[in-house]
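Thanks for passing this one along.

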Amino acid sequence: MSHQQVKSLRKNNEDLKRMLDSARRDIKSLEERVGAQELVVREEANGGREAQLETERSLEWLHNSESSFQSELHDIRKRLDDIEENLGKLEIAVNEIQDYSYAFNIKILGVPELKANEDASETSNLCVNLFNHMGANITINDIDIAHRVPFRDSSRSDPKPIICKFVRRLARNNVMAARRHASSVVARDVGLEESHDMSKILILDHLTPRMQELYGNAMSFKTRFGFQLCWVKNGTIFLRRSEDSRSLKVRCPDDLSRIIQDEQEALS
């Protein structure tokens, strides 16, 4: 995500906040006006003849003002609808930018650490050695940055995962095409001690938080409804009922509901 894009998104966000604050103030003001008048009417309804006449006049005023109130409420609801629509567009834009940025990344699990405080330069060179011994022709110039990320559970003793961001998606795709060879690379060939276990290395798509949550939901969906396969390729989630069935894309939570609905309609 570029600086200009971030700046533009922040400006849009601030504009929407101001619109929302204005709408909330208008609603509050209207509610206070209606509430105050209703209180007056209730209090005057308990008085004598003069109070009753005043109450009748107040009720008539309320009746005459109803169309004005309804018009104001309609305008406020319209503004809120506009805000909701713009927020939806902004969310889509942010998701698309984030998805594009993550498309240059991979996540690597199970690579032993060179040392306790391995820096980004050391991790990047470790990745280059690993990729080349997997059979992917990668140089340090193909990598923007590679760094370790901590586990959420700080008590875990496994090697910290690596997030590797490439300069070009072509280089990233070359690594993904050779990833099945990662666990067969010899530790000493990449600068690690020979005793290190390389058999648990996995190279995965780096999913955005939104897609990571969706993938978790898709995996649960797979188990619950008896699907055989669920996987990610180039940032897209797929489901398959069986080896012989067609692949189904999952782009949002609604797609999961739609898949079951389509299957039920096909059987009816």
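The points below go from the overall picture to single residues.

1. Ground rules. This is a predicted model, where local features need pLDDT of at least 70, side-chain atom pairs count only at pLDDT 80 or more, and totals for chains, interfaces and linings use all residues. Residues are numbered from 1 along each chain as its sequence is written, and side-chain values use heavy atoms, with hydrogens and water left out.

2. Confidence. The pLDDT score is the predictor's confidence in each residue, from 0 to 100. The chain averages 84, with 83% of its residues at 70 or more. Among its elements, strand 3 has the highest mean pLDDT (97), while helix 1 (residues 3–44) has the lowest (69). Where pLDDT is low, the predicted coordinates should not be read in detail.

3. Overall layout. You'll find six helices and seven strands in the chain, in the order α-α-β-α-β-β-α-β-α-β-β-β-α. These are DSSP runs numbered from the N terminus: helices are H or I with at least four residues, strands are E with at least two. Of the 268 residues, 30% count as buried. Here buried means under 20% relative accessible area, exposed over 50%, and partly exposed in between (1.4 Å probe, protein chains only). Taking contact to mean heavy atoms within 4.5 Å, 57% of the contacts between residues at least 6 apart in sequence join residues at least 24 apart.

4. Helix 4. Which residues of helix 4 (residues 169–177) are buried? They are Ala171, Arg172, Val175 and Met176. Looking down the axis of helix 4, these buried residues fall within an arc of 140 degrees, so they line one face; the arc is taken from the directions from the helix axis to the C-beta atoms. Leu170 and Ala177 are exposed on the other side of helix 4. The buried residues of helix 4 pack against strand 1 (105–109), helix 3 (120–134), strand 3 (162–166) and strand 4 (202–205).

5. Arg172 and Asn234. Arg172 sits in helix 4 and is buried, with a relative accessible area of 3%. Leaving aside neighbours within four places in sequence, its contacts are Ala103, Phe104, Asn105, Ile106, Phe166, Asp205 and Asn234. The side chains of Arg172 and Asn234 are joined by a polar contact of 3.1 Å. A polar contact is a pair of N or O atoms within 3.5 Å; within protein, one must be able to donate a hydrogen and the other to accept it, and residues adjacent in sequence count only if both atoms are side-chain atoms. Asn234 lies in the loop between strand 5 (229–233) and strand 6 (236–240) and is partly exposed, at 47%. Have a look at its backbone too: Asn234 is not a glycine, yet its phi is positive, about 50 degrees. Most residues other than glycine have a negative phi.

6. Val190. This residue is in the loop between helix 4 and strand 4. Is Val190 buried or exposed? At 3% relative accessibility, Val190 counts as buried. Not counting residues up to four places away in sequence, Val190 touches Leu126, Asn129, Leu130, His133, Val185 and Met198. Val190 and Val128 are 62 residues apart in sequence, and their C-alpha atoms are 8.6 Å apart.

7. Helix 5. The 16 residues of helix 5 (residues 209–224) should span 22 Å at 1.5 Å a residue, and the end C-alpha atoms are 23 Å apart, which agrees. That expected span is 1.5 Å times one less than the number of residues. Met211, Leu214, Ala218, Phe221 and Lys222 are the buried residues of helix 5. Seen down the axis of helix 5, they fall within an arc of 100 degrees, so they line one face. Pro209, Glu213, Thr223 and Arg224 are exposed on the other side of helix 5. An α-helix has 3.6 residues a turn, so residues three or four places apart point the same way. Gly226 follows helix 5, with a positive phi near 75 degrees.
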